[in-house]
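Keep the sequence and the model open as you go.

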Amino acid sequence: MTNNPAWLSIDETTGVVSGTPTNADVTTTTGIIISVNDQQGEVNSTASLTPFDLTVTAVAPVNVAPTISGTPQTRVGAVDDVSTAVLTGGMTSTYSFTPTASDADGDALTFSIVNKPTWAVFDYTTGALTGTPTAAELGTTVAVTISVSDGTDTTSLAAFDVSVVAGFNEALYADPLAPAVSAARRLYQANDGSLVDGNGWASGTADPASIRFTFDSTKTLYKVSLVDVPGDTNFLTGVIEFSDGSSISVSETLPDDGTPREFVFAPIDTDFVQVTVSTATASTALTEVMAYSALDPGQTELASDLFNDGDVVGWAPVNNCELGTSAWAPNYKFYNTTDYQPSLRQTGDCRGFTVEGVEDGTYQLLDTATADTGADLRLMLRSDNDGTEWVYGVMGVLFAYQDDDNYYRFETRNGYRKLRKRVNGVFTELATSPQSYALGDRPADYSQSAWVNLRVVLRNGVIIVYMDGEKVLT
């Protein structure tokens, strides 16, 4: 064969002509001649085909589809009021996932998304999904699907769900430690959540108030919230510190209605969180510190309702009386910045014992439609001392109520506190605390000193009771 292109060859034994051109061989080769020779002499020994031309034309290459990979975050804690303060080092606060994508052909890539969460922003050039959801956006967005395309083929990441969850307040379960300072009340604040005017920390530069919450194991926190005394606008300075040495500088005006001021940051692993208040513009400052992790698998964050949020809707007295009756003027105190109203004060004579020997009393109960969803109950209770042993009897709260035979109960009177559960009509005592406080020993006036600060928390299978900021039962 003569005049053949380099990519074309002939088998001299069989005469088979073959070859595979590339786009680099695009051209027309003219006058290709294929001949055969019988090797019998010089005359009439060769015969040839008529010369022919061969044209190689370009063809589109086979496209290689792009690849995409990555493990998206599937849970994020909700936030409300986000502080401008961030951890030292410029850490930011957001949900963030960016997939890894590539294309073997070097084609330009574009991204798309199906079922984007409403609170998130999607970058169609990088595939980044970011956002900071709020408590109004609790819930799960299912089957979020991020895809990448090179203009010819599209590849998708496996669909995933993204859940916006209420943060889990790890400070509730931590061991709080406050320094011994001149004002004893500082030892009992920042974990009781009392929304009572005059309660809380007062601090000056010469005597900074601090409290450290030490966890039983390393926690991954994403948010710390500070709560100020209602009706008391406070400009607060101080610092929030973590066990790895990182910190948040606090220089904030805290809301004066008891709303938490949130400091949100990229998740950080820590063994403790410590808050130090250097200065405050008012005489009282901090009433609660909350340190949140996003919920781990298996944890449950349950709905709550506060006695002291100024709203009595949904609450009603439940009377367990063998003798006497229950009567309610204010005794369970719902916070109000002007006149301590509305508040509920037990003034009846509800008393007696069950056949099991369990003392009767009168209790406040959240409406049964919501009571079985957990509890974070905060109230101020009081009783007027008239010298009668039985008057007012046992007082407390029912929670996680299912029916009259199935609920939890916290009770207190005459120097004891008890936590019980009632299952199928049978009481079991879970914890008792024999401190000397007796309801009837409090002053009979409406001054703040006449009220006892109570908080009952049910979270993730644990019950905690605080009185005057001290953890008394778990």
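Buried means under 20% relative accessible area, exposed over 50%, and partly exposed in between (1.4 Å probe, protein chains only). The model is predicted: local features need pLDDT of at least 70, side-chain atom pairs count only at pLDDT 80 or more, and totals for chains, interfaces and linings use all residues. Residues are numbered from 1 along each chain as its sequence is written, and side-chain values use heavy atoms, with hydrogens and water left out.

**Exercise 1.** Classify Asp216 and Lys219 as buried or exposed, then describe their contact.

*Solution.* Start with Asp216. Its relative accessibility is 69%, so Asp216 is exposed. Turn to Lys219. Its relative accessible area is 17%, so Lys219 is buried. Now apply the contact rule: a salt bridge is a side-chain nitrogen of Lys or Arg within 4 Å of a carboxyl oxygen of Asp or Glu. The closest N and O atoms of Asp216 and Lys219 are 3.4 Å apart, and the pair forms a salt bridge. A search of the whole structure gives nine salt bridges.

**Exercise 2.** Which parts of the chain does the pair Lys418 and Glu429 tie together?

*Solution.* First, the contact. Lys418 and Glu429 form a salt bridge, with 3.3 Å between the closest N and O atoms. Next, the location. Lys418 sits in strand E31 (residues 416-423) and Glu429 in strand E32 (residues 426-433), so the pair joins parts 11 residues apart in sequence. Strands are DSSP runs (E, at least two residues), numbered from the N terminus. Last, accessibility. Lys418 is buried at 16%, while Glu429 is partly exposed at 40%.

Notes:
Helices (H or I, at least four residues) and strands (E, at least two) are DSSP runs, numbered from the N terminus.
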